[in-house]
Amino acid sequence: MLQTATPSLHPVPSARPPVVTIRCTKPRDLPELHEMIVELAAHHGDAAPLTLERLERDLFSRTPWITALVAEAGNQLIGYAILVPTYRAAEGVRGMELHHLFVRPGHRGTGIGRHLVAKAREKARMAGCDYLSVSAATGNFQAHRFYESERFVPRPVTGMRYMQKLG
């Protein structure tokens, strides 16, 4: 009897590289980091008009706006996390938003995301933060399960979020 293999909807992760380093982004990482940001945007059906110049400004100016962590294996970046400061004024507490978390498809399921989250927690604590927050699209159940397994607690969204363009 002839059997046909059913293709998997989820790619089987490759083995994790023997040495993975999680570290803060360096200027030399900008092209690869930019490439991964564009890849994540495309995955969500979004455009990524981000330029290398803006990314450099936001990471390495005199007053950096964001912190980026990268996962490096060999001489290749295989993932990243971006942290953005937040503040809850009524409580007087500082926090960090885990704005992006991305692992290249061939390395998913190998623990790289967990290591990036652990390093993000460490960076937030070192910055004097009381909390680390993250959001995921309503229907992204895989992300929900992942964040809950990392001890993030779901919080209800209260109200609408508004934005006004300033220029």
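The model is predicted, and local features require pLDDT of at least 70, side-chain atom pairs count only at pLDDT 80 or more, and totals for chains, interfaces and linings use all residues. Residues are numbered from 1 along each chain as its sequence is written, and side-chain values use heavy atoms, with hydrogens and water left out.

The chain holds four helices and five strands. Both are DSSP runs numbered from the N terminus: helices are H or I with at least four residues, strands are E with at least two. From the N terminus, the order of elements is β-α-α-β-β-β-α-β-α. Of the 167 residues in the chain, 33% are buried. Buried means under 20% relative accessible area, exposed means over 50%, and partly exposed lies in between (1.4 Å probe, protein chains only). Among contacts with a separation of 6 or more, 61% join residues 24 or more positions apart. A contact requires heavy atoms within 4.5 Å.

The five strands form an open sheet in the order S1-S2-S3-S4-S5. Pairing is mixed. Two strands pair if DSSP finds at least two bridges between them. Strands of a sheet pair through backbone hydrogen bonds, either parallel or antiparallel. S1 (20–24) and S5 are the edge strands, each pairing on one side only. The twist averages 25° from one strand to the next. Axes here are lines fitted to C-alpha atoms, for helices over the stretch in contact, and angles run from 0 to 180 degrees between N-to-C directions. S1 pairs with S2 (residues 67–73) in the antiparallel sense, over five bridges. Arg23 stands opposite Val70 in S2.

Helix H3 has 15 residues. Its first and last C-alpha atoms are 21 Å apart, close to the 21 Å expected at 1.5 Å a residue. The expected span is 1.5 Å times one less than the number of residues. The buried residues of H3 are Ile112, Gly113, Leu116, Val117, Ala120, Arg121 and Ala124. Their cover includes S1, S2, S3 (76–88), S4 (93–103), S5 and H4.

Gly128 follows H3 and has a positive phi, near 80°. This glycine lies in the loop between H3 (112–126) and S5 (131–133). Gly128 is partly exposed, at 43% relative accessible area. Gly128 and Met96 are 32 residues apart in sequence, yet their C-alpha atoms are 9.8 Å apart in space. Arg151 also has a positive phi, near 70°, and is a residue other than glycine. Arg151 is placed in the segment after H4 (141–149). At 63% relative accessibility, Arg151 is exposed.

A search of the whole structure finds three aromatic pairs. Phe146 and Tyr147 have ring centres 5.3 Å apart and planes at 70°, so the pair is edge-to-face. Tyr147 and Phe152 are also edge-to-face, because their centres are 5.6 Å apart and their planes lie at 80°. Rings of Phe, Tyr and Trp (its six-membered ring) pair if their centres lie within 6.5 Å; planes under 30 degrees apart count as stacked, over 60 as edge-to-face and the rest as tilted. Ring pairs link Phe146, Tyr147 and Phe152 into a cluster. Tyr147 is buried at 12% relative accessible area, and Phe152 is buried at 13%.

A charge also sits over a ring: the charged end of Arg88 lies over Tyr131, 4.4 Å from the ring centre. The criterion is NZ of Lys or CZ of Arg within 6 Å of the ring centre and within 35 degrees of the ring normal.
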